[in-house]
Each structure stands twice: as C-alpha cells, then as structure tokens.
Amino acid sequence: MLLIKLIPLFPLIGFLINGLGFRKVSKGLAGWIGTGAALLSFVGAFSAYQAFIAGGQLPIIVNIFNWITVGTLNINFSFQIDQLSILMLFVVTGVGTLIHVYSMGYMHDDEGFGKFFAFLNLFLFSMLLLVMGSNYIIMFIGWEGVGLCSYLLIGFWNKNFEYGNAARKAFIMNRVGDLGFLIGIFLIINQFGTVEYLQVFDKAKGLTVGDATIVAITAFLFIGAMGKSAQIPLYTWLPDAMAGPTPVSALIHAATMVTSGLYMIVRSNILYTLAPGTLEVVAWVGVATALFAATIGIFQNDIKKVLAYSTVSQLGYMFMAMGVSAYTSGFFHVVTHAFFKALLFLGAGSVIHAMSGEQDIRRMGGLGGKIKITAITFLIGTIAISGIPPFAGFFSKDEILAHVYEHNKFMWVLAVAGSMMTAFYMFRLYFLTFTGSFRGTHEQEHHLHESPISMTLPLMVLAGFSIVGGFIGMPEIFHFPHALSEFMNPLYEGSKAVNPEFGGTPIDHSSEWMLMGISVVAAVVSIVYAYSKFGGSKNVPAEDSEITGLQKTIYNKYYIDEAYWGIFVNPVKRLSNVFANIIEPKGFDGAVNGIGGFVNTFSGVARKLQAGGTGFYLFAMVIGIAVILGINLGYQVLESILAFVGKK
Amino acid sequence: MLALTLILIPLIGSLVLLLLKGSSVSSSKNTALVVSLATFAVAIYAFTTFSTQTTIGVKYSWMKDLNINFHISIDGISLLLVFLTAFLVPLIITSTFKHTYKNHASFYALILLAETALMGVFMARDIFLFYFFYEAALIPVYFIAAIWGGKDAPRITFKMFVYTIFGSLFMLVALVYLYMKGASADIDQLATTAKLLSSNAQNLLFWAFFIAFAIKMPVLPFHTWQPDAYSESPTPATMLLSGLLSKMGVYGLIRIMLPLAPVGVANWGQFGMILSIIGLIYGSIIAIQQNNIKRLIAYSSFAHMGLMAAGVLSGNINGIQGALLQMVAHGVNAVGLFFIVKIIYDRTGTRDLTALGGITQKTPALSIYFMIIMLGSVALPLTNGFVGEFLLLKGIYDKNAWLGGFAGLTIILGAVYMLRLMQRSMFGESNDITAKFKDVSGSEVAVLLPIVAIVLIMGLFPNVFLKITEPAVNNILQMMK
C-alpha cells in the first residue's frame, strides 16, 4: 500500500525540490530530479499493477486521511487502484517519463529550466491524483490541479503578453467547465449521499435507465469534460495553448490532461449507461467537434496548430465512442492517441528545434534528408493517426467506427469523412515539412541539425508504440484475443446490471470486413490526394494576405474566437465599466446622498482631527464616553420602561 | 480566565504604549508585536486544548439589577475567529515595520485596542456586551484610517463611520426590543424568547439585524462606503477592515441573527441571499476592469463577503460551516493581498496596473507568494479558499439550485480578475517603473510566509477547523428549530 501512496508523492517531492530550490539546484540536477521522479512513479505503477493482480483484480482502496467532514458527508483523501486507474497510470507516467527525458534536451538552453521541471512534476502529481482518486472530489482536485499546471506551462514564457493571454484563456474556459463539474458533484452528493465511486456505483445499480437526476448528473459532468477535453463549445483554448513549450503540448495538451474527460466518463460508465439521452448528446458533440476541427486543420500552416486541431478532432472521436456506449473502444483510442500524438508533437518540437524556432510549414520543406530520425518517426506517427493497418491508430479508430456504424449509419458517414480529412491534413503536413526543397532562410539552413539523443530516444520509443500499440486490442475477426477489452470488462459490471443490452451483439464478420475495407481505402485515397497536391512540396499554401473566400474563413477558425469575444468578453467589459462608472457613483451612492450631505457637513470637523495631538485624544475620549454612557442611558430608559411594564 | 486574558493582554498592551508615548519608534513597534504575539500564544493554547466538553469563559455581573452581565465564552465558532484575530494582528503589525508613523505609540495602541474589541465581539454572550464591543472595534480603526490615511481619508472614513454606526442603530433597537420581551440579555435565553414572537416581529428583527451586519460586511446595496474606504485608508487599516472587521458582520449573522430571528430568516432569508449573490456577481464584474489594484481587491472582497452572507442565510450546516472556513481563508488572503499591494506601492509609487509589469523577473519570490495567495483566493483545491467555497456553494445550492448556479459564477469571474491582476503586475516585460524592483526583505517574508503556510495548511487539513466549529454550528441550528 505504501508504494501506491508513493506514486503521486514522487513528483510532488520533485516539484518541491525544484520549486523551492530554483536558485540553488543546478541545471543538470534539476532535470534528473524531475525525470527521476517521473520514472519512479512509472515503476510504482508496475508495483500497483502487481498488487492489483495479486489481490484477484479487485479494486484496492488506499485511505490516507479524512479530508472534509460536514454533517453526514464524509470525504476521504483516498486512492483507488483498479483496471482503469492502472491503465491511466501507465499512460501518464510512461509517456510522462519520456517527455521529461525529451525536455532535458529541448529546454536545455532555457533560463527557466528548473522551473519547467518543477511545473512538469506538479502536473504529474495533479494528473495522478485525478486518475488515482477514489471519489469525485479527489478527481476534482486533480481536475483543477492539471488546469493550474496547464495555465502555468502555457504561460511559461511569461514575458510574452500574448502567451499570458493564452494561459488565462485556458484557465478561464476550463473553469466554465469546472462549474458544471461542481454542480454535477452536488447532485451526486444529494442523490447518493457519498462521493466514493464504489458506493455511488453500487447505489446506482438500483436505478432505472433514463432516471432524470442521473441525466442531470451526467450532463453536468459532461460540461466539465467539454472544458477539459476541448469539445465544442469550450475548445478554443486548446489551439492557443500551443504557446507553451512543445513538450507541454505533447504531455498535457495531447496525451494526458485533455483525456481527463474521457477518463471521467469511463469511470462513471454506469451513470452514463443510465442516461441514454446524455450519451446521445455526447456522441453528437463528439461528431461535430471531430469534423469541425478537422476542417480547420486542413488549412493551418503552423505545425503545432495543425496538431492542435488534430487533437481536438481526435478527442471528438473518443467522445463519439463514449456516446455510442463503446467505452473500451474510446479508451483504446485514448491510449493509442497518447502514443502517436505525443510522438507527433515531440517530432514537431524536434523540427522547431532544428529550424531555430520556426513553426510555419510554408518556410520548411525537404527536412527529410536533414533530420532523418525525426522524419521517419514523424512519418510513423502520421501513418498511425491516418488509420493505416497495422499501425496503432488503425485498430482503435476502426473499432470506434464499427460501433458508430451500429449506432447510427449517418453518424458513421460523417465519422469516415472526418477520418479522410485527418489522413489528408496529416500527410499535407508531412509532405510540406519533410519533402521537396528547403524554403527557409540560409541561416536556418545552415543551422539545420538532428536533435540530441535525449530528444530522439523518446521519439523512437514512441514510434515503436505507435506501431505495435494497437495489438492490445485486435478485432475479433483476426482471431486474436482483445486483451484490453478482457482487462477492462469488469469495469462495466454496473452498466451491464442496469442495461441488459449493454455491450450489444457484435456486428457480423462480413460487415466488419467491409467497414474496415472502406475506412482503409478512404484513408489511402486521402493520402494519394494529399500526395498529388503536396508531395515533394509541389504546392505551397498561399501567404496569409493572399487567402480569400471560404478558405480565409476556415483559416481564421471560422472567426469563433472573434464571436466569443463579441458575445461574452466585450459585453462583460462594457458592463464592468457601466457598473463602475455609472451605477456605483450615481446609482447606489446616489441613494445614500442624504447621508452624503450629512457626511460633507461633518467632514470639516473630521478634517480638523488630522493634526493629531490633544484634540484627537479628547475626541476619542468623548466618543468612548458617549458610547458607554449611551449604553448606560439605554439601560436606564429600559429599566424605567420595564418597571412600568412590570407594574402593569 | 483564558477568555479574559485574550481581551486583557492587548488592552493592557495598548495602555502601556500610550503611557510610554515618548519612547522610540522601534520600542513602540516591538512592544506592539510582543503583545500581539503573546495574545496569539494564548489563542494557540486555547486552540490546542479546546474540547467541546468544557466551557472556557467567565461571567461577571455588570449591571446586576438589569440582569446584564459581562459574559464571555468560547465555543468552536468563537475560537475560530479568536484564532483568526490573534493570527492576523501580529502580521498586520509586522507589515508596518518598514514605515515610521507619526505618533507611533498611539498608532500601535489603536491597533491593539482594535484587537481587544474584536476579541470581545467574538466571545461576548450578552447582547449588550456584544453591541459594546461591536461599536468599540470600529473606533480605533476609524482613527487609524482618518489620521494616517491619504488626503481624502477623513471624508471617506467618516462616511464609513457614520454609515456603519447608522446601521448598528437598527441592531440596537432590535436588541433592546428582545431584551424587553425576554427580560434577559443572554443570547441563548433570548433564542427561546425569540421563538414566541409573532411572524411580523421576527421579520422586523431579521431586517434590523440584516441591515446592521450587511453594512458591516458589506453586502449589496449597502456597500458604497467600502471601495473608497479600502483604497484610501492606510494599508494597516485596510487590513483590519477587510481581514477582521468585515468578519464581525458574518459573525453577527451567525451568532445573533440566526438564533434570534429564525422565523425572519425563514421568511426573508432567500431575499437576502438574492441580494448577496447579485452583489457577488456585480462586485466581481466591476473588479474585472479595475486598474487600481487596491480597489480591485476591495471589490473582490465585497464579492467574497456576498458569498459568505448567502451561505449563512441558506441556514444549513454546509452554508454555515463554509462561511466560517471562508471567513478565515478570506481574512488571511485579504491581508496577504493588501500587503502585496503595499510592497508594490512602496517600491514603485503606483497601484496602477497599466503602469506595472514584469515584476517576477526582478523578484521571483514575490510572484510565488502572490501566486499561492491568489490561488487561495480563486479557491483552487488544496488551498484554503476551496473547502469554504465548496461548502458555501453546496449550502446555497441545497437551499435553491438556481441561486447555487449563479453563485457558482464566482469560480469563473474570480479567475478572470485575479489572473488579470497577476498577469498585468507580475508578468510581461518589465518597464522603467519596475526595472529596479527590489527583492522581498526579511520583515516582508515574515508576513508572507505565515500567510502562505495557512493557505496550504487549511487547504490540506480543513477538518482541523471544521471539527472545532461543527458542534457549535449544530448548536445554533438546534436553536433555530
């Protein structure tokens, strides 16, 4: 049990050492402390897994202390180790460790090196609380904690005012979601009298599908998920979050934090199964986000922005899976996406590193020959996300598409369209960056170099997982066991209990072959089309000033940011000014003008006191005596009144 | 005896200071600090030895024929606020160490007098004793603000003085009325009397108490004295007002209004909640565009007080426990934030956000302290603001889900104005004004470090505080039945 407690403690200690000793700990040491803490947590995850297996795969609850007790509500600071938390532990600490290693190279010349590792460790700590907590409140601690770290790391280079704005935007939009999450928690407390997962889910088994309170609970929790996992309408912070250092984009804004919303839904699967209405909303929000973000991704020219919109879009797919009750499939995509998207972001970081900070793919081209490891691993990531077998993304995406097909054919058509766009914009990105001839400045060309081993090693490891990671969930028709599904099955006991149809009948093999064929062919067609347009950097996207029409609208992200600004931000600012400059002085203060006049008359008296000295003390004494006498007088008056009343 | 010591130590300290008027500045400062620390030591002792079984308190006959007593007693609620007062006063005194005030002996004597009265308010069990201390607490703070404040201070603080005294008159009338009905000045006994009153009388009592305490806190629409008073007063007075005196209002709602006007609260409580929550949103929105940091924090305080008032008025255990915890959290954080404003002002001569920026490059330490206190203020989990705000919102939500939702906007709006404050002052490029910003000094750390420690300790172990107050809160809820 001690080992389980240590898992989040390591990064916390790492944070404290690097955070408090930011001037004393040397650069080399700070990197090793941060990375070491992440690695120790990763090792801890293995021991947690062993303990879990040894305990017969039953949830292990580790109670640390009593955190909040009010009335009958008792909230423990405790952890729960089960299938879901173990899987998340592996992803978070595994990918986390690799990104720490990478950061030692990437951030090497940054003056805030120690601070960076302190923040990364604090993030790991928060993320571990989020996935290890045994109740919704601990999840919420982690939930807000990762939001804080995201804010700190997006605004890491805090001299830049724009970056600071991006950081604030992320925090505030997440808070909008958090309010929903909080109300969801209130509803849970009132319905179940507890926030502990095991107790809540146990009590939920007695409810019927469609229960109104559960629909409300799941809907409010989902608002939280929209914020954290960047779904429409709360997604606009994620592309801006690319202001943070690239390892941050890989770890927080691709592999781990943004998948919190999905973790929450899988964790609460029984509640969502009880609320088919909410699930339908989740599915359509997922579809809409997947498609919408993909169209924006097609026209972006900043290497990180393309990946950011791709992340938003892929998260949409995962929510789509949740919406059609394919929890395992959605979670499968969480895992594979963590591999290939972390790989792609780190690859992008390596490119930016090589290009001396350049992020515009119009200024790149032909890098394939110069930075080979980066190019090859990036290609692997690109193939994986495009859904080409047998790479990791193929299996998870295919599984989602099959479940969507069962649920709603039209939705499936939209999903396939989205995945065609994915393959297109990703290969557009690849071709423009790595093929053709170099389009940057001479100086950049002169400095082109492959990244150090600390950066390429994580790329190679992640590339390996992007190739083989999908084998944990092979489709039935391949006659291999679906290891992930078998492992996760016990998590859905409650869902099965409340809805006997849960899990459904698998689609027949011929349809499955057909669906698989269609999605592979669609992806290949997209890739070929991307090659015909951008292969060898044949066409380079137009400069910003030359973009017109619909393309301009999409390039500018449909002006959604501007719309939000116009609908929410500006009116609130105007309101603030009206309140401060008109309502305050003329409204409320005007109402007490009667007293104001009185005050003015006497302020002359008060002003005389400013001189201090004897006058002041006299005045003080008078007031003091007056108060005491006043009370005494009151008593005397009272006494006579009482005597009078008494006589009556 | 313990309870009496808490009043006597600062009282004697202030008298000593006045007697030693001719002595040096440093001896005034040190005397004040030692006295306040001694009070804090007694408070710590009370805190650690507290048990709900034994009563700490004394009762002397004051006006025998009238059955009015000098009755002070410490239950969990009193203890929490005694602790807050005893914790903050030494910090407020230390925060002045870089300055030399004219008439320093009087200055520090007044701070200790304020502490004396505050201790009295939080321990009094007799309504007239309560009233006496309640009024007495304002007088020293008024003089500090008026005499050592800016050029507008006399006018603005006089407005505050008259406004709050005016509000207290309502309370006095209500107290006298209850006293006449019950022939007792004991709060517990009057609670029994109050139940026998007509619904109309209860409603009047509610309004009398609510107006008095709402002005003190303040709650919309009785807040107009506050932003000016907070921003024009010298920082020690602002700290006393925002950190401690405003808490007398919330305390009064809990200690006086809930048990003495339970029917009135049942009838009008929701209306009061609506006012408080409108004030919360209104104040937060004003804070968003403020460029004067002191005013920004003043409006933020106003917003926080609204949430506390709404929580108390919800009349359930979550709301009251949340309000109690939040009183401590807000008291500590407000003092911390106003101190940081003072640090910035002392070094740059401005409180204008548009003129600042880049301070973190000059002093990372200050920005770390600022960040942690700010996180407490925006109620991030594991800081002191979270548990209080969580319970407050839960309490309000349980009373009325819609009000809970609106009150919940605080977690968004709070982040909006606090992050803006952080970014404009600490981040960005440094400029001519902030280029020579000096790192925090020893005496500044001595103020900031305990505050940051409390932010984290309360966030991690809220049960230490909740368990102390819960029996007393249950007691009050019982009295309301």
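Between which two helices of chain A is the loop with A:Tyr558 found? A:Tyr558 is in the loop between helix 24 (549–555) and helix 25 (560–591) of chain A, where helices are DSSP runs (H or I) of at least four residues and strands are runs (E) of at least two, numbered from the N terminus.

Before going further, a word on the source. This is a predicted model, in which local features need pLDDT of at least 70, side-chain atom pairs count only at pLDDT 80 or more, and totals for chains, interfaces and linings use all residues. Residues are numbered from 1 along each chain as its sequence is written, while chains are lettered from A and ligands numbered from 1 in the order in which they are written.

**Confidence and overall build**

The model scores ipTM 0.93 and pTM 0.91. Chain B has an average pLDDT of 92, with 100% of its residues at 70 or above; pLDDT is the predictor's confidence in each residue, from 0 to 100.

Chain A holds 27 helices and two strands, and 54% of its 648 residues count as buried. Buried here means 20 or more other C-beta atoms within 10 Å of the residue's own, exposed means 12 or fewer, and partly exposed is in between, with C-beta atoms placed from the backbone.

**A helix pair in chain B**

Helix 2 (residues 25–49) and helix 4 (residues 104–123) of chain B pack at about 10 degrees, their axes 9 Å apart. Axes are lines fitted to C-alpha atoms, for helices over the stretch in contact, and angles run from 0 to 180 degrees between N-to-C directions.

**Backbone features to look at**

Most residues other than glycine have a negative phi, and most peptide bonds are trans. The table lists some exceptions.

| Feature | Value | Loop |
|---|---|---|
| A:Pro389 to A:Pro390, cis | omega near 0 degrees | A:Pro390: between helix 16 (372–386) and helix 17 (392–407) of chain A |
| B:Met217 to B:Pro218, cis | omega about 0 degrees | B:Pro218: between helix 8 (199–216) and helix 9 (225–232) of chain B |
| A:Tyr558, positive phi | about 60 degrees | between helix 24 (549–555) and helix 25 (560–591) of chain A |
| B:Leu382, positive phi | about 75 degrees | between helix 15 (364–377) and helix 16 (384–399) of chain B |

A:Tyr558 counts as partly exposed because it has 13 C-beta neighbours inside 10 Å. B:Leu382 is buried, with 22 other C-beta atoms within 10 Å.
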